[in-house]
Amino acid sequence: MAAQDSATQDDAAANASGAAPMNVVILYADDWRHDTLGVAGHPVVKTPHLDQLAADGIRFTNNYVTTSICGVSRASLYTGQWMSRHGNEGFRAFDTPWSETYPGILRNHNFYVGHVGKWHNGKFPQDKYDFGRSYFGTHWFDQPDGTKIHVTKRNEVDAMEFLKTRPDDKPFVLTVAFFATHAEDRNPLQFLPQPESMSLYEDVTVPVAPNANDESFHRLPPFIANEKNEGRNRWHWRFDTPEKYQTMMKNYFRLATEVDSVCGKVVDELKSQGVLDNTLVIFTTDNGYYHAEHGLADKWYPHQESIRVPLIVRDPRMPASKRGETDDAMTLNVDLAPTILAATHQDAPETMQGRDISPLYLGDSSPQWRDEFFYEHAIIRDKNFIPASEALVRNDWKYFYWPDFDTEQLFDLTSDPREENDRVDDPSQADRLAEMRARFAELKAAAK
């Protein structure tokens with residue numbers, strides 16, 4: 001109670017000084033990698049509303065997740081922590097106290113806090129939210145009147161209800177956690193867009209990546225390059241014939257465009273309510289996605305397709321000169337919680353490991369920033385299904401470590417951006433390997 005009283009006094013002081021607390025909206029898509037945006041130059045997918053958000057804000061082109069899987073990445077979003085610290089290695093509740101998450105902190109400081117859509121961190125903590133609705137796993141839901149509603153439409157309906165029924169006398173924070181573009185895993189169709197989207201991309205041939213082939217697949221370590229591996233299993237579900245590839249990717253892109261449309265409606269509602277220019281809007285995703293590169297599907301492993309994700313920030317404090325720009329600073333999903341707290345004038349707990357990214361676009365000069373990070377992913381079920389993987393990621397080189405098999409890999413991202421040519425046994429890279437191996441151990445220890 002004392003902490004609540006102190007928080008209330010802090011908020012009263014802020015209001016007395018005339019500083020209106022900023023609202024926050026996080027638009028959080030699923031299984032959507034960094035280049036699946038029109039503004040990023042994608043040759044097929046259309047995302048006009050997110051493109052406009054980028055034009056009104058800033059797009060970070062070198063943004064990563066510290067673990068590429070739904071539940072863990074979401075825990076890192078809320079806590080600002082690596083998996084090693086928050087403790088969720090898959091889909092269970094994280095260990096971090098709720099009072100040290102951004103929704104927990106903001107609700108304790110008189111924010112009206114909402115979550116709609118996918119949770120995936122154990123049982124949804126309904127009592128921790130003023131407005132909370134959790135659902136995912138399927139693209140179509142039965143309604144009480146016997147009709148069906150698409151999961152993305154349901155996201156829209158719930159987000160709009162939150163915005164239209166929220167109290168006027170409180171700042172608010174809303175996380176719109178889309179299930180799309182995630183596949184409906186148990187359905188052979190995988191991606192099930194809304195009927196009105198089916199005319200999109202009909203006459204397009206989706207390009208196939210040059211390393212979406214068996215040759216690339218068999219360059220992978222043998223414990224990945226086999227038919228027991230889940231990444232290969234899902235490749236068969238989606239991509240093992242040219243016809244299937246075209247069908248799956250077009251439906252995937254239709255789901256993406258549907259999410260884009262809802263993002264546009266949310267921004268329009270903020271504008272119509274007159275609060276857009278006092279609201280921090282963030283678009284990002286929980287992990288990347290193989291579009292058959294390396295002969296794989298889904299995510300998990302440390303390749304760029306899996307770990308690099310979009311990040312668009314529209315911040316009302318941003319100078320006009322920054323709007324529409326891109327920034328190639330190495331940002332991470334763990335940075336978002338401290339960024340949100342800084343924007344709302346709250347102190348980030350010492351347990352948060354990310355950094356407030358706003359100095360990258362608010363200041364006259366860029367601050368000293370990271371140029372490397374530690375990536376981690378736990379074993380899922382067993383080492384033949386999804387083995388554990390770790391990495392030291394830099395802009396120019398990447399070191400992989402597969403702990404279940406005590407196997408290392410080394411890639412030159414400058415000359416080999418698709419990570420096809422393992423240099424771990426190259427004598428000319430022995431010193432680099434030793435240095436990166438040592439630095440990897442340091443950053444791994446620091447993540448706990």
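**A strand covered on both faces**

Strand β8 is covered on both of its faces, with Phe-172, Leu-174 and Val-176 buried on one side and Val-173, Thr-175 and Ala-177 buried on the other; buried means under 20% relative accessible area, exposed over 50% and partly exposed in between, with a 1.4 Å probe and protein chains only. In a regular strand the side chains alternate between the two faces of the sheet. Because six of the six residues of β8 are buried, the strand is largely enclosed by the rest of the structure.

The model is predicted, so local features need pLDDT of at least 70 and side-chain atom pairs count only at pLDDT 80 or more, while totals for chains, interfaces and linings use all residues. Residues are numbered from 1 along each chain as its sequence is written, and side-chain values use heavy atoms, with hydrogens and water left out.

**The eight-stranded sheet**

- Helices (H or I, at least four residues) and strands (E, at least two) are DSSP runs numbered from the N terminus, and two strands pair if DSSP finds at least two bridges between them.
- Eight strands form an open sheet with mixed pairing, in the order β5-β4-β8-β1-β9-β12-β2-β13.
- The edges are held by β5 and β13 (325-327), each with a single partner strand, so one side of each is left without a neighbour in the sheet.
- Strand β1 (residues 23-29) pairs with β8 in the parallel sense over five bridges, and Tyr-28 stands opposite Ala-177 in β8.
- β4 also pairs with β8 in the parallel sense, over six bridges, and here Val-113 stands opposite Val-173.
- Four bridges join β4 and β5, again in the parallel sense, with His-115 opposite Gly-132 in β5.

**Helices beside this sheet**

- Helix α3 (residues 70-79) lies across β1, β4 and β8 and runs at about 170° to β1, where axes are lines fitted to C-alpha atoms, for helices over the stretch in contact, and angles run from 0 to 180 degrees between N-to-C directions.
- Helix α6 (residues 151-165) has 15 residues and reaches 21 Å from its first C-alpha to its last, close to the 21 Å expected at 1.5 Å a residue, the expected span being 1.5 Å times one less than the number of residues.
- The buried residues of α6, among them Val-151, Met-160, Phe-162 and Leu-163, pack against β4 (112-117), β5 (131-134), β6 (140-142), β7 (148-150), β8 (172-177) and α9 (242-272).

**The four-stranded sheet**

- An open sheet of four strands has the order β15-β16-β17-β18, with antiparallel pairing.
- Since β15 (372-377) and β18 (407-412) stand at the edges with a single partner strand each, one side of each is left without a neighbour in the sheet.
- Strand β17 (residues 397-402) runs antiparallel to β18 and is joined to it by six bridges, with Tyr-401 opposite Glu-408 in β18.

**Nonpolar cores**

- A nonpolar core is a set of buried Ala, Val, Leu, Ile, Met, Phe, Trp, Tyr and Cys residues joined through side-chain atoms within 4.5 Å.
- The largest nonpolar core has 54 residues, and those with the most contacts inside it are Leu-27, Trp-32, Val-266, Leu-270 and Phe-283.
- Its largest share, 13 residues, comes from α9.
- Leaving aside neighbours within four places in sequence, Leu-27 is in contact (heavy atoms within 4.5 Å) with residues including Val-176, Cys-263, Val-266 and Phe-283.
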